[in-house]
Amino acid sequence: MNIADTVTTAARNAWALTFGSGVEAPDPTPSTVLWNEPHRQLRRFEHRPGDAGTAAAATDSTVLLVPPLAAPASCFDLRPDQSLAGFLLATGRAPYVIDYGDISFADRRMGFEDWIDEILPEAVLRTSADRGGAPVDLVGWSLGGTLALLTAAANAELPIRSITAVGAPLDYDKLTGIPQLRAVAKFTGGIGTSTLVRAAGGVPASLTRIGYKITAWDRELTRPWFVASNIARTETLARMETIDRFMAAMPGYPGRFYGQLWGRLILNNDIGRGVVQLGRRRIELAQVTAPVLLVGGPTDVITPAAAVEAGTRTLTGAAAVRYETAPGSHLGILTGPDARATTWAYLDKFLSAA
């Protein structure tokens with residue numbers, strides 16, 4: 001690119017970022033809605049026009065993508081070159097996604113049970129039925145991986161062929177800042193946090209967005225310099241915009257769900273001991289029998305790799321447990337620049353062998 005072209009591109013990008021709608025319009029993978037009820041929209045991803053002929057031969061692998069709460073389902077389909085859904089289509093698989101939508105004050109009574117007993121089991125069954133009764137491979141990111149594992153543990157009858165958990169917190173003792181949180185909770189009896197969450201009906205979307213930005217404080221701090229130094233690099237700015245849109249779409253947590261998360265996982269670390277106590281009910285990770293793939297990120301500050309690797313000692317009933325690592329941030333290990341050569345490659349190999 002000559003100087004004139006560079007200046008023109010830089011000017012166009014500066015205008016698009018400042019006054020326009022952005023340097024690149026969203027371009028999600030086409031999908032068909034199969035089930036559309038509150039907090040449980042099931043979509044089947046489709047090939048883009050003209051792409052079907054380039055896909056690999058069908059592998060009969062039916063994949064249900066499971067997002068976490070407080071993050072949009074677009075995590076699996078950020079943009080064409082950052083789309084796990086698109087990668088799965090290209091490798092001949094049939095990807096689906098369950099989308100929980102927005103969470104409001106009206107949803108404050110929803111808890112772990114809603115996902116483990118209703119939303120995810122129904123999504124698995126509907127996905128399987130759409131593929132003629134085929135078993136389903138679950139792929140969950142962050143807390144979505146935890147929910148996928150708990151769903152499999154609590155519902156042995158479901159047609160689940162395998163489970164992949166990327167960046168899933170499976171031992172809260174390994175998370176940064178948890179000892180300090182527990183110390184404060186012990187001093188206050190946990191009343192402060194639980195009272196605020198109950199009063200608000202959950203954790204508002206605005207707080208989850210702020211919390212995510214705090215974990216990526218260096219990105220926010222260097223943003224002006226990043227934009228200025230890459231103003232002529234449209235692709236780089238488009239990636240930045242994609243993350244901005246993702247963060248802006250983050251929903252919140254229902255009050256009851258977050259109360260259980262705070263009490264049973266954060267404070268008591270049930271998941272780290274392999275048994276989650278929900279009232280009088282015990283859900284044991286040892287009840288998972290399908291093969292499991294765990295992927296952790298050594299530079300993930302939200303869920304350190306050790307918190308993911310912990311699943312290798314609690315998933316004792318699984319047919320096999322494979323643990324891998326990938327570079328990048330919490331979202332980066334799922335869909336960052338290196339994901340195709342690491343996380344996606346691990347998943348491809350795992351699904352082919354399952």
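This is a predicted model: local features need pLDDT of at least 70, side-chain atom pairs count only at pLDDT 80 or more; totals for chains, interfaces and linings use all residues.

Analyst: Residues are numbered from 1 along each chain as its sequence is written, and side-chain values use heavy atoms, with hydrogens and water left out.

Helix H16 spans residues 343-353; helices are DSSP runs of H or I with at least four residues, numbered from the N terminus. Its buried residues are Thr343, Trp344, Tyr346, Leu347, Phe350 and Leu351, where buried means under 20% relative accessible area and exposed over 50%, with a 1.4 Å probe and protein chains only. These residues lie on the same side of H16 because they cover an arc of only 155 degrees around the axis, taken from the directions from the helix axis to the C-beta atoms. Lys349, Ser352 and Ala353 are exposed on the other side of H16.

Tryptophan 344 is buried, with a relative accessible area of 2%. The structure holds seven aromatic pairs (rings of Phe, Tyr and Trp, the last by its six-membered ring, with centres within 6.5 Å; planes under 30 degrees apart are stacked, over 60 edge-to-face, the rest tilted). Among them is the tilted pair of phenylalanine 87 and tryptophan 344, at 5.2 Å centre to centre and 35 degrees between the planes. This pair links distant parts of the chain, since phenylalanine 87 belongs to helix H2 (residues 84-90) and tryptophan 344 to H16, 257 residues apart. Phenylalanine 87 also counts as buried, at 11% relative accessibility.

Methods. Helices (H or I, at least four residues) and strands (E, at least two) are DSSP runs, numbered from the N terminus.
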